[in-house]
Amino acid sequence: MDQIRVGIVGMGNMGTSHADTLAQGKVKGAKLTAICDSFPGVLARHRDRYGEEVLRFTDLDSLLDSGAVDGVIVATPHLDHPAAAVRAFSRGLHVLIEKPAGVYTKQVREMNEAAAAAGAVFGIMLNQRLHPAYSKLRELVQAGELGELRRTNWAVTHWYRAQRYYDSAPWRGTWEGEGGGVLLNQALHQLDLWQWVTGLKPQRVRAFAQFGQRRDIQVEHDVTAYVEYNGGATGVFIASTTEAPGTNRLELSGTRGKAVVEEDRLTLWQLRQEEPEFNRTFTGGFGAPKSWRIDIPVGPCTRKQHGGLIQNWVDAVLTGSPLLAPGEDGLHAVTLVNAMLLSAWTDDWAVLPLDEEQYVSLLKQRMTQSSGQAEG
């Protein structure tokens, strides 16, 4: 096989963007052959966009059984991701799924089991892994340039959303429609990068969240979480869709220095003497380890990482090259989302591995109660 035939499932904003990328020949070895959307009028809007050779379906199973595709990109609303992917895997098709992989960990785990059983290539659209500043920071961490990490802080409050955004579709901002808010929808990329860059996975989480205080929605729009890692390291994660001007700043502190990513720039402060050694040998009063500040050069952020992830997925199908964001990795960020919400709901620590059944039970209670009214 020297070309993969791709279908797009869900022709909203992201699905249309992915379809355009394929139709314009921007992904080597891939061809757009079908699109699918069940919402009335959506396909009609694309009648002249891709030509007659691109098949159109209003039913997912009809697309999957058509023989017109070798793989699909799933860009439906969050709650539909796992079911669509599993149905594709049952036909032996490859899948690239939009983030989040799912709404709760149990369904993400089941989706990965289905992919493994089918022997299919399963990727997730965690496109921020191609951001040059974060990929370079990951290299520095893996090379030991920061020493042993002791603290990780991420403030990601630049995802501003006005009420108009939530009013643009009836499923937005509801438990039944989205299954989560700022954590699951906007800041999921940062939750993924937080673990991907540092290599650390929290052992327990304590989170505080606001649900509908500043927007007429049900889901969380403001979260502050504290996490603890094995070995004594700690972290803080702050996310909001109601703060302006917002901030996007990641700071890592270790025994050999500190690194900060902000406004697409990476800065490293490297200690001249490791902190434990300085602490052991220092005989003065109020001294501290001296450091060098280094502005790390990184490539330009092109904002075209979606196409890069599609290309990587296609290459994995055609040549067996490794995925930058395999489906299994989709579990990590969803685990943190679930842990933070569970902690906020129960007003207690959430210990990992998570009690999946408890989380699903509490989430489904909120889905059942979804009525378009904001939570108190």
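Is Glu275 buried, exposed or partly exposed, and what is its relative accessible area? Glu275 is partly exposed, at 24% relative accessible area. Buried means under 20%, exposed over 50% and partly exposed in between, with a 1.4 Å probe and protein chains only.

This is a predicted model: local features need pLDDT of at least 70, side-chain atom pairs count only at pLDDT 80 or more, and totals for chains, interfaces and linings use all residues. Residues are numbered from 1 along each chain as its sequence is written, and side-chain values use heavy atoms, with hydrogens and water left out.

**View 1. Glu275 pairs with Arg150 in a salt bridge.** A salt bridge is a side-chain nitrogen of Lys or Arg within 4 Å of a carboxyl oxygen of Asp or Glu. Here the closest N and O atoms are 2.7 Å apart. The pair links distant parts of the chain: Glu275 belongs to helix H9 (residues 275-281), Arg150 to strand E7 (residues 149-156), and 125 residues separate them. Helices (H or I, at least four residues) and strands (E, at least two) are DSSP runs, numbered from the N terminus. Arg150 is partly exposed, with a relative accessible area of 38%.

**View 2. Asp192 and Arg129 form a buried pair.** Their side chains meet in a salt bridge, 2.7 Å from N to O. The structure holds 20 salt bridges.

**View 3. Asp222 meets Arg214 in a salt bridge.** The closest N and O atoms are 3.9 Å apart. Asp222 counts as buried at 17% relative accessibility. Arg214 counts as partly exposed at 46%. Elsewhere, salt bridges that share partners join Asp61, Asp65, Arg87 and Arg91 into one network.

**View 4. Helix H12 (residues 356-369) has a buried face.** H12 has 14 residues. From its first C-alpha to its last it reaches 20 Å, close to the 20 Å expected at 1.5 Å a residue. That expected span is 1.5 Å times one less than the number of residues. The buried residues are Glu356, Tyr359, Val360, Leu362, Leu363, Arg366 and Met367. Seen down the axis of H12, they fall within an arc of 170 degrees, so they line one face of the helix. The arc is that of the directions from the helix axis to the C-beta atoms. The face turned away from the buried side carries the exposed residues Thr368 and Gln369. Helix H5 (105-118) and helix H11 (330-346) are among the elements that cover the buried residues.

**View 5. Six strands make an open parallel sheet, in the order E3-E2-E1-E4-E5-E6.** Two strands pair if DSSP finds at least two bridges between them. Strand E3 (55-57) and E6 stand at the edges with a single partner strand each, so one side of each is left without a neighbour in the sheet. Neighbouring strands are turned by 25 degrees against each other on average, direction ignored. Strand E4 (residues 71-74) and strand E5 (residues 94-97) run parallel, joined by 4 bridges. Val74 has Ile97 in E5 as its bridge partner. Helix H1 (residues 13-23) lies across strand E1 (4-9), strand E2 (30-36) and E4, at about 160 degrees to E1. Axes are lines fitted to C-alpha atoms, for helices over the stretch in contact, and angles run from 0 to 180 degrees between N-to-C directions.

**View 6. Asp70 lies in the loop between helix H3 (60-64) and E4.** Asp70 counts as buried at 16% relative accessibility. Leaving aside neighbours within four places in sequence, Asp70 is in contact with Met1, Gln3, Ile4, Arg5, Leu93 and His94. Contact means heavy atoms within 4.5 Å.

**View 7. Strand E12 (residues 257-262) pairs with strand E11 (residues 248-254) and with strand E13 (residues 265-271).** E11 and E12 run antiparallel through 6 bridges. They form a hairpin with 2 residues between them. Leu250 stands opposite Val261 in E12. E12 and E13 also run antiparallel, again with 6 bridges. Val260 has Thr267 in E13 as its bridge partner. This hairpin has 2 residues between the strands, and Glu263 takes a positive phi near 55 degrees.
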